[in-house]
Amino acid sequence: MAFVISGRENLAASEINLLEAPIGTLAFASIHEAGHFTVAKACGLSSVSARVFQLYKSGVGTFWKGQTNLGRGYVGKRMALIKLGGSFAEHFLDSSNRIYLPSFIDVVGDRSVISQSDQITHMDLGGDSVLEAQRRTFFILRGRLADLDRIYKNLLQRHSHP
């Protein structure tokens, strides 16, 4: 059985308009899924794939969303890191859609809406605190900027990775 992390497809139009992040754009969906993918690979998962695609929703219009398939082998605290990887990676993209290194405070200080599939549970944490999971996720992404950039660009161009 594969585990799938899906994007924020269930937001109402009013929720999308209230968020500062450019939810629904190709760049946003791509960096979000690239974050999940990068952290999953760093946690040792081997059969990871990600894709971005367009959907249409009445009242919202056409928008981009993404999905990361983790395959088998996800358990415990690694799951919290993988789930956090998507929303954390959003902060590694600057206003010109280039990867850069934000501060830890900027990343954990953001309280944007998180999709239901990205919300972490006590089981996901595996005994770690939320702050420890946040710290570990940030340092994984910080140490793999080249991977994050490569996966992000691949999703932008081909809409899937690998």
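**Helix packing and backbone features**

Analyst: The crossing of helix 3 and helix 6 is right-handed, where a crossing counts as right-handed if the near helix is turned clockwise from the far one by less than a right angle, and as left-handed if anticlockwise. This is a predicted model, in which local features need pLDDT of at least 70 and side-chain atom pairs count only at pLDDT 80 or more, whereas totals for chains, interfaces and linings use all residues. Residues are numbered from 1 along each chain as its sequence is written, and side-chain values use heavy atoms, with hydrogens and water left out.

User: At what angle do helix 3 and helix 6 pack, and how far apart are their axes?

Analyst: Two packed helices are described by the angle between their axes together with the distance between those axes. Here helix 3, which spans residues 77–89, packs against helix 6 at about 60° with the axes 9 Å apart; axes are lines fitted to C-alpha atoms, for helices over the stretch in contact, and angles run from 0 to 180 degrees between N-to-C directions. Helix 3 and helix 6 are therefore oblique to each other, given that under 35 degrees is roughly parallel, over 145 roughly antiparallel, 65 to 115 roughly perpendicular and the rest oblique.

User: Which residues make the contact of helix 3 and helix 6?

Analyst: On the side of helix 3 the contact is made by K77, A80, L81, L84, G85, F88 and A89, and on the side of helix 6 by A133, Q134, R136, T137, F138, I140 and L141, contact meaning heavy atoms within 4.5 Å. Sorted by class, these residues divide into nine nonpolar, three polar and two charged (Ala, Val, Leu, Ile, Met, Phe, Trp, Tyr, Cys and Pro are nonpolar, Asp, Glu, Lys and Arg charged, and the others, Gly among them, polar).

User: At what angle do the axes of helix 2 and helix 6 cross?

Analyst: The axes of helix 2 (residues 26–42) and helix 6 (residues 130–143) cross at roughly 95° and come within 10 Å, and the two helices are therefore roughly perpendicular to each other. Helix 2 contributes G35, T38, V39 and A42 to the contact, while helix 6 contributes T137, I140 and L141; by class, that contact has four nonpolar, three polar and no charged residues.

User: And how do helix 2 and helix 3 cross, right-handed or left-handed?

Analyst: Their crossing is right-handed, with the axes coming within 7 Å and crossing at roughly 145°. The residues that meet are I31, H32, G35, H36, V39 and A40 in helix 2 and L81, I82, K83, G85, G86, S87 and A89 in helix 3, and they divide into six nonpolar, six polar and one charged.

User: How many helices and strands does the chain have, and in what order do they run?

Analyst: The secondary structure comes to seven helices and four strands, where helices (H or I, at least four residues) and strands (E, at least two) are DSSP runs numbered from the N terminus. From that end on, the elements run β-α-α-β-β-α-α-α-α-α-β. Among contacts with a separation of 6 or more, 73% join residues 24 or more positions apart. Of the 162 residues, 45% count as buried, meaning under 20% relative accessible area, with exposed over 50% and partly exposed in between (1.4 Å probe, protein chains only).

User: Where does L156 lie, and which residues does it contact?

Analyst: L156 is placed in helix 7 and, at 26% relative accessibility, counts as partly exposed. Leaving aside neighbours within four places in sequence, L156 is in contact with L26, A27 and S30. The C-alpha atoms of L156 and A34, 122 residues apart along the chain, are separated by 10.0 Å.

User: Which residues have a positive phi without being glycine, and which peptide bond is cis?

Analyst: Most residues other than glycine have a negative phi, and most peptide bonds are trans. N97, although not a glycine, has a positive phi of about 65°; N97 sits in the loop between helix 3 and helix 4 (104–108) and is partly exposed, with a relative accessible area of 39%. H159 likewise has a positive phi, of about 70°, lies in the loop between helix 7 (145–158) and strand 4, and is partly exposed at 28%. The peptide bond joining H161 and P162 is cis, with omega about -10°, and P162 belongs to the segment after strand 4 (160–161).
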